[in-house]
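Biologist: Please take a close look at a single part of this model, the open sheet and what surrounds it. I would like one connected account.

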Amino acid sequence: MSGEALLRLEDLEVSYGNIAALKGVSLEVAKGEVVCILGANGAGKTTTMRTISRLLRPRAGRILFHGEDITQVPAHKVVHLGISHSPEGRRVFGILTVEENLWLGAFTEKRVDKERLRWVYELFPRLEERRKQLAGTLSGGEQQMLAIGRSLMSRPELLLLDEPSLGIAPILVRSIFERIREIAGEGVTVLLVEQNARAALKLADRGYVLDVGTIALEGSSADLLASEKVQEAYLGKKG
Amino acid sequence: MDTFFQQLANGLTIGSIYALVALGYTMVYGVLKLINFAHGALVAASAFIGLTIYATIMGESSSLLAVIAIFALVAAATACLGILLERFAYRPLRQAPRLSAVVSALGASLILQNGIMLVWGPQMRIFPQLVPQVYWNIGGVVISLLQVIILLLSVLLMAALYFFIEKTRMGAAIRASAIDQDAARLMGINVNRVITLIFVIGSSLGAIGGLFIGLYYRGITFEMGWQYGLYAFIAAIIGGIGNIPGAMLGGLLLGLFTAFISGYISSTWADAFTFLLLILILIVRPTGLLGERVAQKV
């Protein structure tokens with residue numbers, strides 16, 4: 001890794017009441033990289049993502065984007081900086097149409113960029129077919145496509161993807177990971193949180209393993225795939 | 001048949017007032033999931049503010065321009081009260097348990113109501129006649145110019161609100177904030193600003209409603225916000241609280257219902273039948289007539 005990090009977390013500490021969720025997490029994402037965060041349930045993966053987009057306030061530590069401290073920036077301004085977050089559980093606006101959801105994704109833009117919308121529809125043709133349909137009536141996989149598409153509408157530099165495979169038919173998981181590869185191919189930097197470690201590591205350049213609020217392991221995807229610890233804990237192979 | 005059409009006209013008039021006030025309840029509930037109990041007192045305050053503005057600024061003139069100015073000034077003043085209400089009574093309790101906010105709402109309502117009494121006194125005041133007393137007798141049914149104005153202006157305001165909510169970006173931001181505040185923040189929506197805007201819109205519409213109450217019923221009292229607020233609140237529930245077209249529909253239905261009960265049975269029974277209607281609707285459709293029907297995703 002070069003010294004030029006797009007996103008850098010420094011000793012991030014976050015707690016829910018008295019319960020510490022992150023106990024000093026530091027990580028870096030360079031421009032153009034795809035980085036994944038692995039870990040068991042409750043390891044702090046989603047907390048990390050929600051802290052970067054400032055839905056959560058860290059108790060200590062810093063978040064740097066382009067070298068600038070954004071720890072105190074309110075959530076709605078983080079999007080303006082170029083960080084877009086597709087949250088865990090998709091969180092699409094169920095009683096709005098697919099197209100309205102995408103328009104809201106472009107809320108920070110002066111007007112909805114037609115080319116952007118075109119690109120999102122090309123990535124996920126299913127969304128165009130259903131653009132007048134209420135988002136709540138889509139299948140889980142389609143909602144995930146919508147959540148990702150919506151987060152692309154603000155032309156982010158950095159895309160935070162939280163559990164894009166959660167609760168989705170296996171056949172769709174593969175297709176969604178292919179789309180994420182395409183998105184990264186367009187120059188969007190991706191920070192990905194995943195339970196599906198194998199798929200995530202196949203896609204990512206590097207990875208971090210979170211364990212109860214601390215970084216337990218980090219390395220290139222190849223190293224992590226080969227690591228005994230990772231194999232045992234997340235890839236279901238008994239050593 | 002005369003009674004029918006007469007009560008139809010009366011019901012639509014009262015109903016549009018209920019609808020205007022109900023919108024304030026339903027919009028705040030939609031985004032904050034909070035019953036804004038102080039809304040009724042705010043509506044009462046608007047009538048008294050109208051009284052003062054009329055007396056001090058407008059004097060004896062009641063030209064069309066002066067009337068429009070009174071409406072605009074009262075709406076602006078009430079919107080400011082609404083902003084203060086949100087800022088000091090509700091925002092500090094945003095993260096607190098729901099009950100604390102409800103208690104704060106009731107407290108704010110009492111403060112407002114007693115504030116009105118301190119400023120304008122406990123006696124009933126007579127609201128000025130801003131609209132010329134023109135009546136039409138259409139085959140035995142008497143309709144006043146005031147009724148026509150109330151109905152038309154209400155419909156116009158509601159149509160404008162509907163367009164704003166459904167067709168503009170800010171409207172979409174309001175709907176998004178009502179569904180999921182965190183997700184709205186992730187879109188870059190400043191949810192605090194949306195909430196302020198909702199109080200501005202709800203309070204201004206309530207203010208117009210308050211002025212209509214003064215113009216239509218003439219006598220205004222400091223505690224009248226309780227009565228009209230309750231009716232408008234019931235209208236919001238009948239329509240499906242949190243649902244904007246629902247508040248409009250609920251208001252009109254409730255106005256018609258009370259008018260027909262008064263016309264055919266007795267006005268003393270109007271309250272009893274109104275609550276009976278509320279109970280029946282809640283039994284049949286707990287989410288109100290237009291309450292959310294699309295199941296939220298898991």
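Modeller: Start with a term: two strands pair if DSSP finds at least two bridges between them. Keep in mind that this is a predicted model.

In chain A, four strands form an open sheet in the order β2-β1-β4-β5, and the pairing is antiparallel. The edges are held by β2 (19–30) and β5 (68–69) of chain A. Each has a single partner strand, so one side of each lacks a neighbour in the sheet. Strand β1 of chain A covers residues 5–16. Nine bridges join β1(A) to β2(A), in the antiparallel sense. Within β2(A), A:A30 is the residue opposite A:A5. Helix α1 of chain A, residues 45–52, packs on this sheet. The helix touches β1, β2 and β4 (60–65) of chain A. Its direction makes about 65° with that of β2(A). In general, strands of a sheet pair through backbone hydrogen bonds, either parallel or antiparallel.

Now another helix of this chain. Helix α4 of chain A spans residues 114–123, and its buried residues are A:L117, A:V120 and A:L123. Viewed down the axis of α4(A), they fall within an arc of 120°, so they line one face of the helix. These buried residues pack against α3 (98–105), α5 (125–129), α6 (140–152) and α7 (170–185) of chain A. The face of α4(A) turned away from the buried side carries exposed residues: A:K114, A:E115, A:R118 and A:E122.

The largest nonpolar core has 163 residues. Among those with the most contacts inside it are A:L192 and B:A235. Helix α1 of chain B, residues 2–32, gives the largest share of this core, 15 residues.

Key:
Residues are numbered from 1 along each chain as its sequence is written. Chains are lettered from A and ligands numbered from 1 in the order in which they are written. This is a predicted model: local features need pLDDT of at least 70, side-chain atom pairs count only at pLDDT 80 or more; totals for chains, interfaces and linings use all residues. A nonpolar core is a set of buried Ala, Val, Leu, Ile, Met, Phe, Trp, Tyr and Cys residues joined through C-beta atoms within 7 Å. A residue is buried if 20 or more other C-beta atoms lie within 10 Å of its own, exposed if 12 or fewer, and partly exposed in between; C-beta atoms are placed from the backbone. Helices (H or I, at least four residues) and strands (E, at least two) are DSSP runs, numbered from the N terminus. The arc is that of the directions from the helix axis to the C-beta atoms. Two residues are in contact if their C-beta atoms, placed from the backbone, lie within 7 Å. Axes are lines fitted to C-alpha atoms, for helices over the stretch in contact, and angles run from 0 to 180 degrees between N-to-C directions.
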